[in-house]
Amino acid sequence: MVGAGVGAAQDHSGHQMPGMKMPPAGAAPPSSGPALPSGYAEVQIAPEIQQRIGVMVGRVEKTTLVMNIRTVGIVRPNETKIAHIHLKTEGWVEKLFISVTGQKVKAGDPMLSIYSPAFFAAQREFLAALQYSRSSPSEAQRTVVETTRQRLALWDVPKSTIDELERTGKPSKSLILRSPITGTILEKKAFQGQYVMPQAELYNVADLSTVWVQAKIFAYELPHVVLGMPAKVTFPSLANRPFDGKVVFIEPVVEEAARTVQVRIELNNPDGVIKPGMFANVLISHEMGVGLTVASSAIIRTGERDIAFKVVSADRFVPVEVKISPLAFDGSFQVLGGLSAGEEIVTSANFLIDSESRLRAGGGSMAGMQHGGGGEQNAPKPPEPPGSGNAAPPAPDHSTMGH
(Lines give C-alpha, C1' and ligand atoms only; values in the text may rest on other atoms or scores of the structure.)
Protein backbone atom coordinates (compact mmCIF):
# COMPACT_ATOMS: atom_id res chain seq x y z
CA MET A 1 0.00 0.00 0.00
CA VAL A 2 1.22 3.44 -0.89
CA GLY A 3 2.10 5.53 2.15
CA ALA A 4 -0.56 8.26 2.57
CA GLY A 5 0.04 11.66 4.08
CA VAL A 6 -1.95 13.15 6.92
CA GLY A 7 -5.64 13.50 6.07
CA ALA A 8 -5.54 11.30 2.93
CA ALA A 9 -8.75 9.31 2.37
CA GLN A 10 -8.64 5.53 1.81
CA ASP A 11 -11.06 3.08 0.21
CA HIS A 12 -12.24 -0.32 1.47
CA SER A 13 -9.14 -2.14 0.18
CA GLY A 14 -6.85 0.19 2.05
CA HIS A 15 -5.74 2.26 -0.97
CA GLN A 16 -6.03 6.05 -0.78
CA MET A 17 -8.45 7.99 -2.98
CA PRO A 18 -6.27 10.68 -4.61
CA GLY A 19 -7.85 14.12 -4.86
CA MET A 20 -10.69 13.50 -2.41
CA LYS A 21 -9.58 13.67 1.21
CA MET A 22 -10.96 13.54 4.71
CA PRO A 23 -9.51 14.27 8.11
CA PRO A 24 -7.89 11.17 9.67
CA ALA A 25 -9.92 9.16 12.12
CA GLY A 26 -9.84 10.59 15.58
CA ALA A 27 -8.79 14.06 14.42
CA ALA A 28 -10.77 17.14 15.44
CA PRO A 29 -13.18 18.45 12.79
CA PRO A 30 -11.65 21.25 10.71
CA SER A 31 -14.60 23.59 11.26
CA SER A 32 -16.45 24.61 14.37
CA GLY A 33 -19.83 24.94 12.62
CA PRO A 34 -23.00 22.95 13.28
CA ALA A 35 -22.93 19.16 13.37
CA LEU A 36 -22.97 17.42 10.00
CA PRO A 37 -26.12 15.58 8.90
CA SER A 38 -26.11 11.93 9.94
CA GLY A 39 -24.64 9.67 7.27
CA TYR A 40 -22.60 12.49 5.71
CA ALA A 41 -18.98 13.59 6.02
CA GLU A 42 -16.98 16.61 4.92
CA VAL A 43 -15.30 16.16 1.53
CA GLN A 44 -12.01 17.61 0.34
CA ILE A 45 -11.49 17.79 -3.42
CA ALA A 46 -8.39 19.10 -5.15
CA PRO A 47 -9.06 21.96 -7.61
CA GLU A 48 -7.96 19.91 -10.61
CA ILE A 49 -10.44 17.17 -9.69
CA GLN A 50 -13.18 19.79 -9.31
CA GLN A 51 -12.50 21.01 -12.83
CA ARG A 52 -12.56 17.46 -14.15
CA ILE A 53 -15.95 16.53 -12.64
CA GLY A 54 -17.51 19.94 -13.39
CA VAL A 55 -17.99 21.42 -9.95
CA MET A 56 -19.74 24.81 -10.11
CA VAL A 57 -20.49 27.14 -7.23
CA GLY A 58 -23.39 29.54 -6.62
CA ARG A 59 -24.36 31.92 -3.86
CA VAL A 60 -27.27 32.21 -1.47
CA GLU A 61 -28.97 35.50 -2.35
CA LYS A 62 -31.72 37.67 -0.94
CA THR A 63 -34.05 38.36 -3.87
CA THR A 64 -37.66 39.17 -4.72
CA LEU A 65 -39.77 36.03 -4.76
CA VAL A 66 -41.68 35.91 -8.05
CA MET A 67 -43.94 33.01 -8.97
CA ASN A 68 -44.03 32.89 -12.79
CA ILE A 69 -46.88 30.99 -14.38
CA ARG A 70 -46.34 30.18 -18.04
CA THR A 71 -49.06 28.81 -20.25
CA VAL A 72 -50.42 28.99 -23.80
CA GLY A 73 -53.70 30.25 -25.18
CA ILE A 74 -55.81 31.01 -28.25
CA VAL A 75 -57.08 34.45 -29.29
CA ARG A 76 -60.86 34.83 -29.30
CA PRO A 77 -63.08 37.87 -30.04
CA ASN A 78 -64.28 39.87 -27.07
CA GLU A 79 -67.75 38.38 -26.61
CA THR A 80 -69.08 41.62 -25.10
CA LYS A 81 -68.33 43.38 -28.40
CA ILE A 82 -69.95 40.96 -30.84
CA ALA A 83 -73.20 41.79 -32.68
CA HIS A 84 -75.34 39.00 -34.15
CA ILE A 85 -77.40 40.67 -36.87
CA HIS A 86 -81.01 39.51 -37.27
CA LEU A 87 -83.97 40.96 -39.14
CA LYS A 88 -86.96 41.88 -36.95
CA THR A 89 -89.42 41.23 -39.74
CA GLU A 90 -89.35 38.97 -42.77
CA GLY A 91 -88.84 39.42 -46.48
CA TRP A 92 -86.53 38.92 -49.45
CA VAL A 93 -82.93 40.08 -49.65
CA GLU A 94 -82.76 42.58 -52.50
CA LYS A 95 -79.17 43.78 -52.31
CA LEU A 96 -76.03 43.03 -50.25
CA PHE A 97 -73.89 46.02 -49.31
CA ILE A 98 -71.58 43.78 -47.22
CA SER A 99 -70.84 40.75 -49.34
CA VAL A 100 -67.60 39.19 -47.98
CA THR A 101 -66.38 37.88 -44.66
CA GLY A 102 -63.59 39.97 -43.10
CA GLN A 103 -64.92 43.25 -44.48
CA LYS A 104 -64.77 46.17 -42.05
CA VAL A 105 -67.87 48.24 -41.28
CA LYS A 106 -68.72 51.32 -39.23
CA ALA A 107 -71.73 51.78 -37.01
CA GLY A 108 -74.66 52.86 -39.19
CA ASP A 109 -73.26 51.49 -42.46
CA PRO A 110 -75.88 49.73 -44.64
CA MET A 111 -75.46 45.95 -44.75
CA LEU A 112 -78.35 44.80 -46.92
CA SER A 113 -81.78 45.87 -48.19
CA ILE A 114 -84.90 43.79 -47.62
CA TYR A 115 -88.20 43.87 -49.49
CA SER A 116 -90.73 43.33 -46.71
CA PRO A 117 -94.50 43.59 -47.30
CA ALA A 118 -94.93 43.95 -43.51
CA PHE A 119 -92.56 46.91 -43.47
CA PHE A 120 -94.37 48.54 -46.37
CA ALA A 121 -97.72 48.06 -44.60
CA ALA A 122 -96.34 49.54 -41.37
CA GLN A 123 -95.24 52.67 -43.24
CA ARG A 124 -98.73 53.03 -44.77
CA GLU A 125 -100.31 52.72 -41.33
CA PHE A 126 -98.03 55.43 -39.96
CA LEU A 127 -98.85 57.80 -42.84
CA ALA A 128 -102.58 57.14 -42.49
CA ALA A 129 -102.50 57.80 -38.75
CA LEU A 130 -100.44 60.93 -39.33
CA GLN A 131 -102.87 62.25 -41.99
CA TYR A 132 -105.93 61.60 -39.81
CA SER A 133 -104.26 63.28 -36.84
CA ARG A 134 -103.61 66.40 -38.87
CA SER A 135 -107.21 66.59 -40.07
CA SER A 136 -108.81 65.73 -36.71
CA PRO A 137 -106.27 66.32 -33.99
CA SER A 138 -107.00 64.64 -30.68
CA GLU A 139 -105.10 63.03 -27.81
CA ALA A 140 -106.20 59.57 -28.91
CA GLN A 141 -105.09 60.18 -32.47
CA ARG A 142 -101.68 61.44 -31.35
CA THR A 143 -101.31 58.20 -29.39
CA VAL A 144 -102.03 56.19 -32.55
CA VAL A 145 -99.38 58.16 -34.44
CA GLU A 146 -96.80 57.56 -31.76
CA THR A 147 -97.67 53.86 -31.65
CA THR A 148 -97.12 53.41 -35.38
CA ARG A 149 -93.94 55.48 -35.20
CA GLN A 150 -92.67 53.32 -32.35
CA ARG A 151 -93.40 50.18 -34.35
CA LEU A 152 -91.05 51.36 -37.09
CA ALA A 153 -88.37 52.31 -34.55
CA LEU A 154 -88.53 48.82 -32.99
CA TRP A 155 -87.67 47.41 -36.42
CA ASP A 156 -84.43 49.40 -36.21
CA VAL A 157 -85.58 51.95 -38.75
CA PRO A 158 -83.38 55.05 -38.15
CA LYS A 159 -85.08 58.18 -36.87
CA SER A 160 -83.83 60.06 -39.92
CA THR A 161 -85.65 57.58 -42.18
CA ILE A 162 -88.90 57.96 -40.22
CA ASP A 163 -88.61 61.75 -40.34
CA GLU A 164 -88.05 61.57 -44.10
CA LEU A 165 -91.12 59.36 -44.44
CA GLU A 166 -93.17 61.86 -42.45
CA ARG A 167 -91.89 64.75 -44.56
CA THR A 168 -92.38 63.20 -48.02
CA GLY A 169 -95.34 60.90 -47.31
CA LYS A 170 -93.87 58.28 -49.62
CA PRO A 171 -93.31 54.79 -48.15
CA SER A 172 -90.11 52.99 -49.06
CA LYS A 173 -90.28 49.64 -50.78
CA SER A 174 -87.12 48.33 -49.09
CA LEU A 175 -85.94 48.19 -45.48
CA ILE A 176 -82.23 48.98 -45.09
CA LEU A 177 -80.50 46.89 -42.39
CA ARG A 178 -77.57 48.81 -40.85
CA SER A 179 -74.61 47.75 -38.68
CA PRO A 180 -75.13 48.52 -34.98
CA ILE A 181 -71.37 48.62 -34.21
CA THR A 182 -68.02 49.35 -35.82
CA GLY A 183 -66.10 46.15 -36.43
CA THR A 184 -65.16 43.28 -38.71
CA ILE A 185 -67.49 40.80 -40.39
CA LEU A 186 -66.66 37.41 -38.88
CA GLU A 187 -69.52 35.57 -40.59
CA LYS A 188 -71.83 36.37 -43.54
CA LYS A 189 -74.84 34.15 -43.91
CA ALA A 190 -77.09 36.28 -46.13
CA PHE A 191 -77.40 35.83 -49.91
CA GLN A 192 -79.10 37.94 -52.53
CA GLY A 193 -82.63 36.73 -53.27
CA GLN A 194 -82.83 34.77 -50.01
CA TYR A 195 -86.08 34.81 -48.02
CA VAL A 196 -85.17 35.57 -44.42
CA MET A 197 -87.09 35.43 -41.16
CA PRO A 198 -86.38 36.92 -37.72
CA GLN A 199 -84.74 33.77 -36.33
CA ALA A 200 -82.14 33.68 -39.11
CA GLU A 201 -78.72 35.20 -38.31
CA LEU A 202 -77.53 37.27 -41.25
CA TYR A 203 -74.16 38.64 -40.08
CA ASN A 204 -71.77 38.25 -37.18
CA VAL A 205 -69.85 41.49 -36.51
CA ALA A 206 -67.06 41.82 -33.90
CA ASP A 207 -65.25 44.87 -32.58
CA LEU A 208 -61.63 43.63 -32.43
CA SER A 209 -60.21 46.72 -30.74
CA THR A 210 -59.94 44.44 -27.71
CA VAL A 211 -59.54 40.66 -27.83
CA TRP A 212 -59.47 37.79 -25.35
CA VAL A 213 -56.77 35.16 -24.91
CA GLN A 214 -58.26 31.96 -23.55
CA ALA A 215 -55.55 30.10 -21.62
CA LYS A 216 -55.45 27.23 -19.13
CA ILE A 217 -53.54 26.95 -15.86
CA PHE A 218 -53.17 24.01 -13.49
CA ALA A 219 -55.35 23.87 -10.40
CA TYR A 220 -52.34 24.18 -8.06
CA GLU A 221 -51.49 27.53 -9.70
CA LEU A 222 -54.87 29.05 -8.84
CA PRO A 223 -53.70 30.71 -5.56
CA HIS A 224 -51.26 32.80 -7.64
CA VAL A 225 -53.80 34.15 -10.15
CA VAL A 226 -56.46 36.74 -9.27
CA LEU A 227 -58.74 39.01 -11.27
CA GLY A 228 -57.07 42.18 -12.50
CA MET A 229 -53.56 40.69 -12.35
CA PRO A 230 -51.30 41.87 -15.22
CA ALA A 231 -50.13 39.38 -17.83
CA LYS A 232 -47.52 39.45 -20.59
CA VAL A 233 -48.61 37.92 -23.88
CA THR A 234 -46.42 37.19 -26.91
CA PHE A 235 -47.28 35.71 -30.30
CA PRO A 236 -44.87 33.59 -32.40
CA SER A 237 -46.58 34.95 -35.52
CA LEU A 238 -45.78 38.53 -34.41
CA ALA A 239 -42.06 37.96 -33.74
CA ASN A 240 -42.83 37.53 -30.02
CA ARG A 241 -43.75 41.19 -29.67
CA PRO A 242 -44.94 41.63 -26.07
CA PHE A 243 -48.46 42.84 -25.25
CA ASP A 244 -49.71 43.91 -21.84
CA GLY A 245 -53.00 42.44 -20.72
CA LYS A 246 -54.90 41.63 -17.56
CA VAL A 247 -56.84 38.69 -16.17
CA VAL A 248 -60.57 39.42 -16.53
CA PHE A 249 -62.09 36.00 -15.83
CA ILE A 250 -61.19 32.79 -13.98
CA GLU A 251 -63.44 29.83 -14.70
CA PRO A 252 -65.14 28.62 -11.51
CA VAL A 253 -64.93 24.93 -12.50
CA VAL A 254 -61.83 22.71 -12.71
CA GLU A 255 -61.63 20.37 -15.70
CA GLU A 256 -61.51 16.94 -14.08
CA ALA A 257 -59.45 15.06 -16.65
CA ALA A 258 -56.64 17.60 -17.06
CA ARG A 259 -56.97 19.35 -13.65
CA THR A 260 -56.85 22.72 -15.39
CA VAL A 261 -58.82 25.95 -15.13
CA GLN A 262 -59.52 28.35 -17.98
CA VAL A 263 -58.26 31.91 -17.54
CA ARG A 264 -59.22 34.82 -19.78
CA ILE A 265 -56.78 37.65 -20.52
CA GLU A 266 -57.98 40.83 -22.21
CA LEU A 267 -55.66 42.69 -24.61
CA ASN A 268 -55.98 46.04 -26.35
CA ASN A 269 -55.72 45.66 -30.12
CA PRO A 270 -56.01 49.18 -31.55
CA ASP A 271 -54.05 48.46 -34.73
CA GLY A 272 -55.78 45.13 -35.35
CA VAL A 273 -52.61 43.02 -35.62
CA ILE A 274 -53.92 40.40 -33.18
CA LYS A 275 -56.25 38.08 -35.07
CA PRO A 276 -58.76 35.59 -33.62
CA GLY A 277 -57.33 32.08 -33.72
CA MET A 278 -53.71 33.14 -33.11
CA PHE A 279 -51.56 31.02 -30.79
CA ALA A 280 -50.25 32.95 -27.75
CA ASN A 281 -47.68 32.48 -24.99
CA VAL A 282 -48.83 33.85 -21.64
CA LEU A 283 -46.75 34.84 -18.60
CA ILE A 284 -48.47 35.74 -15.31
CA SER A 285 -46.12 36.89 -12.53
CA HIS A 286 -47.04 36.93 -8.85
CA GLU A 287 -44.66 38.78 -6.51
CA MET A 288 -44.55 37.19 -3.05
CA GLY A 289 -42.18 39.39 -1.09
CA VAL A 290 -38.44 38.97 -0.44
CA GLY A 291 -36.50 35.91 0.73
CA LEU A 292 -33.32 33.85 0.48
CA THR A 293 -33.04 31.83 -2.72
CA VAL A 294 -30.67 29.26 -4.19
CA ALA A 295 -30.54 27.56 -7.57
CA SER A 296 -32.77 24.49 -7.55
CA SER A 297 -29.81 22.43 -8.82
CA ALA A 298 -27.99 23.13 -5.53
CA ILE A 299 -30.51 21.16 -3.47
CA ILE A 300 -30.41 17.36 -3.28
CA ARG A 301 -33.87 16.16 -2.31
CA THR A 302 -33.69 12.70 -0.72
CA GLY A 303 -37.35 12.48 0.20
CA GLU A 304 -36.52 12.57 3.91
CA ARG A 305 -34.43 15.75 3.96
CA ASP A 306 -32.85 18.35 1.69
CA ILE A 307 -29.06 18.60 1.48
CA ALA A 308 -26.73 21.26 0.08
CA PHE A 309 -22.93 21.35 0.08
CA LYS A 310 -21.49 24.57 1.47
CA VAL A 311 -18.08 25.79 0.32
CA VAL A 312 -15.81 26.40 3.32
CA SER A 313 -12.57 26.76 1.37
CA ALA A 314 -11.25 26.30 -2.15
CA ASP A 315 -11.14 22.51 -1.77
CA ARG A 316 -13.48 21.71 1.15
CA PHE A 317 -17.23 21.12 1.03
CA VAL A 318 -19.46 20.58 4.04
CA PRO A 319 -22.93 18.99 3.79
CA VAL A 320 -25.70 21.07 5.31
CA GLU A 321 -29.31 20.09 5.92
CA VAL A 322 -31.55 22.90 4.68
CA LYS A 323 -35.23 23.68 4.88
CA ILE A 324 -36.81 24.94 1.68
CA SER A 325 -40.22 26.21 0.66
CA PRO A 326 -42.40 23.76 -1.28
CA LEU A 327 -42.75 26.43 -3.99
CA ALA A 328 -40.27 26.70 -6.87
CA PHE A 329 -39.56 30.23 -8.09
CA ASP A 330 -38.49 29.95 -11.73
CA GLY A 331 -35.46 27.68 -11.22
CA SER A 332 -34.84 28.65 -7.60
CA PHE A 333 -35.87 27.45 -4.16
CA GLN A 334 -36.63 29.68 -1.22
CA VAL A 335 -34.40 28.82 1.74
CA LEU A 336 -36.23 28.79 5.07
CA GLY A 337 -33.33 27.53 7.20
CA GLY A 338 -29.83 26.04 7.18
CA LEU A 339 -28.10 28.65 4.99
CA SER A 340 -27.41 32.38 5.23
CA ALA A 341 -27.21 35.13 2.64
CA GLY A 342 -23.84 35.31 0.88
CA GLU A 343 -22.76 31.72 1.56
CA GLU A 344 -21.42 29.74 -1.39
CA ILE A 345 -22.84 26.34 -2.28
CA VAL A 346 -22.23 23.73 -4.94
CA THR A 347 -24.69 23.95 -7.85
CA SER A 348 -23.23 21.36 -10.25
CA ALA A 349 -21.66 17.91 -9.71
CA ASN A 350 -23.15 17.93 -6.20
CA PHE A 351 -24.52 14.40 -6.72
CA LEU A 352 -20.95 13.11 -7.11
CA ILE A 353 -19.93 15.00 -3.99
CA ASP A 354 -22.98 13.65 -2.19
CA SER A 355 -22.02 10.07 -3.08
CA GLU A 356 -18.45 10.60 -1.92
CA SER A 357 -19.63 12.21 1.32
CA ARG A 358 -21.87 9.25 2.11
CA LEU A 359 -19.15 6.75 1.27
CA ARG A 360 -16.68 8.62 3.46
CA ALA A 361 -19.15 8.62 6.32
CA GLY A 362 -19.32 4.83 5.97
CA GLY A 363 -15.56 4.37 5.75
CA GLY A 364 -15.31 3.97 1.96
CA SER A 365 -14.71 6.17 -1.05
CA MET A 366 -15.72 6.56 -4.66
CA ALA A 367 -13.64 4.56 -7.12
CA GLY A 368 -12.30 5.92 -10.38
CA MET A 369 -11.61 9.50 -9.32
CA GLN A 370 -7.87 10.18 -9.40
CA HIS A 371 -5.78 13.22 -8.65
CA GLY A 372 -4.90 15.22 -11.67
CA GLY A 373 -1.33 15.82 -10.55
CA GLY A 374 -0.40 12.14 -10.86
CA GLY A 375 1.84 12.26 -7.79
CA GLU A 376 0.27 9.37 -5.90
CA GLN A 377 -0.66 7.22 -8.86
CA ASN A 378 2.88 7.47 -10.34
CA ALA A 379 4.66 6.66 -7.09
CA PRO A 380 6.76 3.42 -7.34
CA LYS A 381 5.21 0.39 -5.74
CA PRO A 382 7.29 -1.37 -3.05
CA PRO A 383 8.35 -4.93 -3.87
CA GLU A 384 6.00 -7.67 -2.78
CA PRO A 385 7.30 -9.49 0.32
CA PRO A 386 8.16 -13.14 -0.09
CA GLY A 387 5.32 -15.51 0.61
CA SER A 388 2.67 -12.87 0.31
CA GLY A 389 0.74 -15.01 -2.14
CA ASN A 390 0.75 -12.29 -4.80
CA ALA A 391 3.89 -13.43 -6.69
CA ALA A 392 3.45 -15.64 -9.77
CA PRO A 393 4.54 -19.30 -9.31
CA PRO A 394 7.94 -20.26 -10.88
CA ALA A 395 7.88 -21.85 -14.36
CA PRO A 396 8.40 -25.67 -14.38
CA ASP A 397 11.87 -27.00 -15.26
CA HIS A 398 11.32 -29.10 -18.39
CA SER A 399 14.93 -30.37 -18.35
CA THR A 400 14.18 -32.68 -15.39
CA MET A 401 10.81 -33.95 -16.54
CA GLY A 402 10.62 -37.52 -17.70
CA HIS A 403 13.87 -38.65 -16.00
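Thr210 counts as buried because its relative accessibility is 8%, where buried means under 20% relative accessible area, exposed over 50% and partly exposed in between (1.4 Å probe, protein chains only). The model is predicted: local features need pLDDT of at least 70, side-chain atom pairs count only at pLDDT 80 or more, and totals for chains, interfaces and linings use all residues. Residues are numbered from 1 along each chain as its sequence is written, and side-chain values use heavy atoms, with hydrogens and water left out.

**Around Thr210**

Thr210 belongs to strand β14 (residues 210-218). Helices (H or I, at least four residues) and strands (E, at least two) are DSSP runs, numbered from the N terminus. Leaving aside residues up to four places away in sequence, Thr210 touches several residues, including Asn78, Lys81 and Glu266; contact means heavy atoms within 4.5 Å. The side chains of Thr210 and Asn78 are joined by a polar contact of 2.9 Å. A polar contact is a pair of N or O atoms within 3.5 Å; within protein, one must be able to donate a hydrogen and the other to accept it, and residues adjacent in sequence count only if both atoms are side-chain atoms.

**An open sheet**

An open sheet has four antiparallel strands in the order β10-β9-β7-β12. Two strands pair if DSSP finds at least two bridges between them. The edge strands, listed below, each pair on one side only.

| Edge strand | Residues |
|---|---|
| β10 | residues 174-178 |
| β12 | residues 195-196 |

Five bridges link β9 (residues 110-115) to β10 in the antiparallel sense. Ser113 stands opposite Ile176 in β10.

**The chain**

The chain has five helices and 23 strands. Of its 403 residues, 37% count as buried.
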